[in-house]
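Look at the sequence and the structure below.

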Amino acid sequence: MKQVQMFIFPGTFHAGGHASKLSRKQNIHCFSRLPREGGTGLRILWMDELKPDQILLSRSAARLRLFGSAALPPSVTLHFGAWNKQVSAGFSDHLPDLAIGLSRRIKAELSIPDTLPYDVHLDGTDLRIGPVIAFLISRHPLTPQMLDGFRGYFGRYDEIRGLIYLCALSGIRPETETIEGYYYDPQAEGGKSPWVPGIFPYPDVVYRRIWVFRDKRFDDLLARTKRKIFNPYYMNKREVWESLRAHPELRQHLPHTRPLDHKRTLKTMLDAHGAVYLKPVKGSMASGIMKLQKNRKGYLLASRQKPEASFRNE
């Protein structure tokens, strides 16, 4: 019998939830959080009058103690992902609340979306805008179908306060430390596609969703980001479950799970729970998941790929 993971979900099964989230403290620089009232993050404002080595922040940034108790130095290193530039910094009474003014000439150098809110963090003379997170989802150029398959990740994009872009292995450009990809614009209207192409800097952290074997582009990305990668080792479902189970604080939240190595195991689980979910050890995006449920006539088997099928207990 093909080995699968068997998960038991009491009550209604909710597909599409994410078992793991990026940890700001562990994977990327710690970004300060703006108070909820009065805005949802810092906004980019492109200014023709600024030189590439100048930035301005609105007075509200100082009023809200955006940088904690630290004062903004007159000269800082501005960071956006792996991109950085030495700039002179100051405040302006003429900028909108919670805005940072950047030279429009920077916009020609790389893509910094101005429709998204950002967190900021001041560490000495380093001023970081972000976070910048890259989802590596394919080896080859991305298609609209690939992009739409990840739309569910952006349902609460306003809470991220940073940039997430989707990219392929083929889009990595080590010579410029940039990546060709797409970001999701939550403000897209009038039937316009929310996926906006761009050339983005290497990120603060990489979320790997594909297998990668001995690729120089990927190795360069790992080195430049100091191996800040989510999913550094691509575990199968059983390895994930065993890793979580090793932590007492997590163990109590895990469903009753057993490897399907014999039909007796399946019968025992069905007798105990009435319905079970069968999950392939390998795979993602809910592919291959089936629900098996006992009923009066026998069993009911259902999956996303196939219609419901009933069969008797023999």
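Two strands are said to pair if DSSP finds at least two bridges between them. In this predicted model, Y165 stands opposite Y183 in strand β11. Y165 also takes part in a second pairing, for Y165 in β10 is the bridge partner of A134.

Strand β9 (residues 132–138) is joined to β10 by six bridges, and the two run parallel. Five bridges join β10 to strand β11 (residues 178–184), and here the strands run antiparallel. Between β10 and β11, which form a hairpin, there are four residues. In that turn, E177 has a positive phi of about 55°.

Is β10 enclosed or open? Buried means under 20% relative accessible area. Nine of the 11 residues of β10 are buried, so the strand is largely enclosed by the rest of the structure.

In soluble globular proteins, nonpolar side chains tend to be buried together. The largest nonpolar core here has 61 residues, of which I55, I112, F135, L163, Y165 and L166 touch the most other members. Strand β10 (residues 163–173) gives this core its largest share, eight residues. Apart from this core lies another, of eight residues, including L270, L278, L292 and Y299.

What does F135 touch, leaving aside its neighbours within four places in sequence? F135 is in contact with F150, Y153, I164, Y165, L166, C167 and Y207. Some of these names return in an aromatic cluster, which is formed by F135, F150, Y153, Y207 and F230.

The whole structure holds 14 aromatic pairs. In one of them, the rings of F154 and Y184 have centres 5.1 Å apart and planes at 20°, so this pair is stacked. The pair links distant parts of the chain, 30 residues apart: F154 lies in the loop between α4 (144–148) and β10, while Y184 lies in strand β11. F154 is buried because its relative accessible area is 4%, and Y184, at 13%, counts as buried too.

Another pair, Y207 and F230, is edge-to-face, with 5.2 Å from centre to centre and 70° between the planes. It too links distant parts of the chain, 23 residues apart, with Y207 in strand β13 (residues 205–208) and F230 in strand β14 (residues 229–230). Y207 has a relative accessible area of 11% and is therefore buried. F230 counts as buried at 15% relative accessibility.

Methods: Residues numbered from 1 in each chain as written. Predicted model: local features only at pLDDT ≥ 70, side-chain atom pairs only at ≥ 80, totals over all residues. Heavy atoms only, no water. Core = buried A, V, L, I, M, F, W, Y, C linked by side-chain atoms within 4.5 Å. Buried < 20%, exposed > 50% of the residue type's maximum accessible area, 1.4 Å probe, protein only. Contact = heavy atoms within 4.5 Å. Phe/Tyr/Trp six-rings, centres within 6.5 Å; stacked < 30°, edge-to-face > 60°.
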